[in-house]
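Please keep the sequence and the model in view while reading.

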Amino acid sequence: MYHHLHSITTHAHGTATPSVEPTADSISQIEQMGLKEEFDEYAEKAKTLPESTTNENKLILYGLYKQATVGAVNTSRPGIFNMRDRAKWDAWKAVEGKSKEEAMGDYVTKVKQLLEEAGAST
């Protein structure tokens with residue numbers, strides 16, 4: 001009888017309680033939510049970039065934005081007579097290997113850099 005009681009007690013004390021520490025997965029999800037919010041914020045701020053922002057920089061932002069929101073290029077390259085869309089497609093294709101999270105991070109960094117440069121030049 002005592003032995004049986006002892007095993008129940010041990011089992012009751014040996015039961016793992018749910019951990020209150022965040023897991024790596026939950027931390028990753030929180031970071032992604034924060035990154036997405038920051039990305040959305042800087043997507044709005046990008047609209048305030050001055051007209052003097054170079055086409056090259058605009059194309060970099062376009063490619064990163066598409067990679068972050070859509071993923072890898074999912075259309076065929078526009079024809080030679082559609083130079084504007086072809087340049088945008090090429091900018092998107094140039095960042096093809098990046099994950100959506102990497103593209104979001106790079107986009108935020110680039111917008112910050114361009115905003116700082118614009119602020120310094122005024």
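1. The model under discussion is predicted. Its protein chain contains five helices and zero strands, and along the sequence the pattern reads α-α-α-α-α.

2. Burial and contacts of the chain. The protein chain has 122 residues, of which 24% count as buried. The chain exposes about 8900 Å², and carbon and sulfur atoms supply 57% of that area. Where contacts link residues at least 6 apart in sequence, 74% of them join residues at least 24 apart.

3. Helix H5. This helix covers residues 100–121 and therefore has 22 residues; from its first C-alpha to its last it reaches 31 Å, close to the 32 Å expected at 1.5 Å a residue. Its buried residues are Ala-103, Met-104, Tyr-107, Val-108, Lys-110, Val-111, Leu-114 and Ala-118. The list thus includes a lysine, Lys-110, among the buried positions.

4. The nonpolar core. Which residues have the most contacts inside the largest nonpolar core? They are Phe-39, Leu-61, Tyr-107 and Val-111, in a core of 16 residues. Helix H2 (24–46), H3 and H5 are the elements that each give two or more residues to this core. H5 gives the most, with six residues. As a general matter, nonpolar side chains in soluble globular proteins tend to be buried together.

5. Tyr-107. Setting aside residues up to four places away in sequence, Tyr-107 touches Phe-39, Tyr-42, Ala-43, Ala-46, Leu-61, Leu-64 and Tyr-65.

6. Asn-57. Asn-57 counts as buried because its relative accessible area is 14%, under the 20% limit.

7. Ile-80, Phe-81 and Met-83 make a nonpolar surface patch of about 420 Å². Of these, Ile-80 has its place in the loop between H3 and helix H4 (83–93).

8. Salt bridges within and beside H2. The structure holds seven salt bridges. One of them joins the side chains of Glu-41 and Lys-45, at 3.2 Å from N to O. Both residues lie in helix H2, four residues apart, which is about one turn of the helix. Glu-41 counts as partly exposed, at 40% relative accessibility, and Lys-45 is likewise partly exposed, with a relative accessible area of 30%. A further salt bridge is formed by Lys-47 with Glu-44, their closest N and O atoms being 3.0 Å apart. Here Lys-47 counts as exposed, at 62% relative accessibility, whereas Glu-44 is partly exposed, with a relative accessible area of 49%.

9. The salt bridge of Lys-98. Which residue is the partner of Lys-98 in a salt bridge? The partner is Asp-106, and the closest N and O atoms are 2.7 Å apart. Lys-98 counts as partly exposed, at 29% relative accessibility, and Asp-106 is partly exposed, with a relative accessible area of 31%.

Terms used: Residues numbered from 1 in each chain as written. Predicted model: local features only at pLDDT ≥ 70, side-chain atom pairs only at ≥ 80, totals over all residues. Heavy atoms only, no water. Buried < 20%, exposed > 50% of the residue type's maximum accessible area, 1.4 Å probe, protein only. Contact = heavy atoms within 4.5 Å. Areas by Shrake-Rupley, 256 points an atom, 1.4 Å probe, with all protein chains shown as cover. Patch = residues over 30% accessible without salt bridge, like charges linked within 9 Å, V, L, I, M, F, W, Y side chains within 5 Å. Salt bridge = Lys/Arg side-chain N within 4 Å of Asp/Glu carboxyl O. Core = buried A, V, L, I, M, F, W, Y, C linked by side-chain atoms within 4.5 Å.
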